[in-house]
Amino acid sequence: MTFSQFFTIVRARWVSGVLVLAVIVACAIVVSLMLPKQYTSTASVLIDVKLPDLGGNTAAAGGIVPLGFMATQLDVVRSERVALRALRSPGLKLNESVELREQWRAATGGQGDFEAWLAALIQKKLDILPARESNVITLAYSSPDPKFSAAVANAFMQAYIDTTLDLKVEPAKQYNAFFDERSKQTREALEQAQAKLSAYQQAKGIVATDERLDVENTRLSELTTQMVVLQGLAVESRGRQDEATGNNDRMQEVLANPVVGALTADLSRQQAKLNELNERLGDNHPQVVELRANIDELRKRVQAQTSRVAGSLNANNNVNQVRLAQLNAEIQQQRAKLLQLKGQRDEAAVLLRDVENAQRAYDAVLTRVNQTSMESQNTQTNVSVLKQATAPAFPSSPRLLLNVAVALVMGSLLGIGLMLARELLDRRMRTVDDVVTGLRQPLLVTLPRASRGAGGGSRLKLTKARVVRGLAGPARS
C-alpha cells in the first residue's frame, strides 16, 4: 500500500476514525474525572559513605563506594523492619487503627499477622527512587489524602534513619556485652596471677630478687678471692713444714728468731771459750768440764727453741688447712644458696610474666570495652535528610492532560486501524492502481470527473458503459 492509497482510504472513511478517536478521548476524560485524586509526597535522604565511625574506621576508604552498598541501602528501605517501624511511629500509629484491623479480618479472615499485612499494603504505594550517579534516595508515597502521604513518607524516612543507626549500634552492643564479660574473666585471671606471685614472694621472703641476687653474687666472689689467697698461704706453709722436717735449723724463721739467735751467739762464745780452756787447762779441768756442761745445755736450749719454731710452722699450716676447708665449705654453701636463689628468681619471673600477660590481656580487653561502649551509645548516622515530605498542593494523578494526550495517540491508532479493517472487509476501487491490481486487466481509458450540470448523468453512464465494454474485450463480428 502506497501513501497515496492510504491517504485515499483515510479520506474516504474518516468518519469512523474520528468517531473512534472521539469515543476514546471522551472515555479518557470521563475516567480521569471519575478516578479519585492521588497526592504524591516525596522525601529525600543523602547517604555519606565516607563518614567515620567512633572506632576511626570509614565506610569507604578513599571515597570509593563499596560494591552493592547502595543496593543494600535500598533493600533496607524496602525491608519489613523499616515498614513496621514506620507504622508504629507516633506520627502514624496505623497498627492501632480499628478500621484497618477490620479490613484485615475481612481480607484474610484473621489469618496471619496484622502488622505484616498492613506493612505490605503500605509498601505497595511506596516508591523508592535511587539516583543514578549519586548517593541520594527519594521516598515517594501516593494516597488520596495529601497530609497522609506526607506523614507516611516522613515516617518511612525517619524509620530508615533509625534502622540504619540500630544496625550500626546493635553489633556494638553485642560486642560490648561480650567484651564486658571477657574483661571480668581477664580481671579475675590477673588477680589470681598477682595473688600467686605475692604468696610466693611471702613464702620465700623475696622482696627484691635481683638486688638480693647481686649481694649473694658479690659474697661468693669475695669468698672465692679469699680462698685463692688462702690456698697460696696453705701451699707456702706446707712447703715450710716440709722444709722444717729435714733441716729445721736452716729455716728462715729459725734463723730470724731472736731467741735462737741469742742462744746461738752465746753457744758460739762458750764454744770458743771451751777451746781456749781446753788448750790451756786440759780436758779434765773442772772449768773445762763445767763449760762443756754449759755448752751442752745451750745446745739443748737451741734445739728446743728450733723445735718450737718448727712446731709453730706446723700449727700455722694446720690452721691454714682448717681455714681452707672451712672456706671451701662456705663457698659450696654460698653456691647452693645462690643456685636456690636463682631457682626462686626463675619461678618468681614465671609468675611475674603471668601477671604481665594477664595485665596486657586485661588492658586490651578493657580498651575494646571502652571502644564498644562508645559505639553502642552512638547517636550519629551517615544518613542525612535532604528534603522533608510536605503535603502537595496539586494531585499527582489522574493527569488529565497526559491522559488526553495518550487517548489522542491511542484513539488515532485505533481509528486508523478501524479504517484499514473496514477497507479490507469492503474493498473498493478508488484509484487507477486499484483498477489494475483489483481486476487484473489493462486500463483502456481514464475519464475526467463528471460535472454536476444537466446531462452530466447520461454522459457518466455512457462513460461507465464504454469502460466496461473495453474491459470485457472487443465485440464479436
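Helix 4 (residues 80-87) packs against helix 7 (residues 146-204) with the axes 8 Å apart and an angle of about 125° between them. The model is predicted, so local features need pLDDT of at least 70 and side-chain atom pairs count only at pLDDT 80 or more, while totals for chains, interfaces and linings use all residues. Residues are numbered from 1 along each chain as its sequence is written, and side-chain values use heavy atoms, with hydrogens and water left out.

**Helix 4 and helix 7**

- The angle makes helix 4 oblique to helix 7; angles under 35 degrees count as roughly parallel, over 145 as roughly antiparallel, 65 to 115 as roughly perpendicular and the rest as oblique.
- Axes are lines fitted to C-alpha atoms, for helices over the stretch in contact, and angles run from 0 to 180 degrees between N-to-C directions.
- Helices (H or I, at least four residues) and strands (E, at least two) are DSSP runs, numbered from the N terminus.
- The crossing of helix 4 and helix 7 is right-handed, a term used if the near helix is turned clockwise from the far one by less than a right angle.
- Helix 4 contributes Arg81, Val82, Ala83, Arg85 and Ala86 to the contact, and the residues from helix 7 include Phe156, Tyr160 and Leu167; contact means heavy atoms within 4.5 Å.
- By class, this contact of helix 4 with helix 7 has eight nonpolar, one polar and five charged residues.
- Ala, Val, Leu, Ile, Met, Phe, Trp, Tyr, Cys and Pro count as nonpolar, Asp, Glu, Lys and Arg as charged, and the others, Gly among them, as polar.

**Helix 1 and helix 12**

- Helix 1 (residues 3-12) and helix 12 (residues 400-425) cross at roughly 95°, and their axes come within 10 Å.
- This angle makes helix 1 roughly perpendicular to helix 12.
- Phe6, Ile9 and Val10 of helix 1 meet Ile416, Met419, Leu420 and Glu423 of helix 12.
- The contact of helix 1 with helix 12 has six nonpolar, no polar and one charged residues.

- Four strands form an open sheet in the order 2-3-1-4, with antiparallel pairing; two strands pair if DSSP finds at least two bridges between them.
- Strand 2 and strand 4 (383-387) are at the edges with a single partner strand each, so one side of each has no neighbour in the sheet.
- From one strand to the next, the twist averages 25°.
- Strand 2 (residues 126-130) and strand 3 (residues 136-143) are joined by five bridges and form a hairpin with five residues between them.
- Pro130 has Ile137 of strand 3 as its bridge partner.
- Eight bridges link strand 1 to strand 3, and Thr42 stands opposite Ala140 in strand 3.
- Strand 1 (residues 39-47) is also joined to strand 4, by four bridges; Leu46 stands opposite Ser384, and Ser44 has Lys387 as its bridge partner.

**Salt bridges**

- The count comes to five salt bridges, each a side-chain nitrogen of Lys or Arg within 4 Å of a carboxyl oxygen of Asp or Glu.
- Arg88 forms a salt bridge with Glu115, and their closest N and O atoms are 2.4 Å apart.
- Arg88 lies in the loop between helix 4 and helix 5 (98-108) and Glu115 in helix 6 (residues 114-123), so the pair ties together parts 27 residues apart in sequence.
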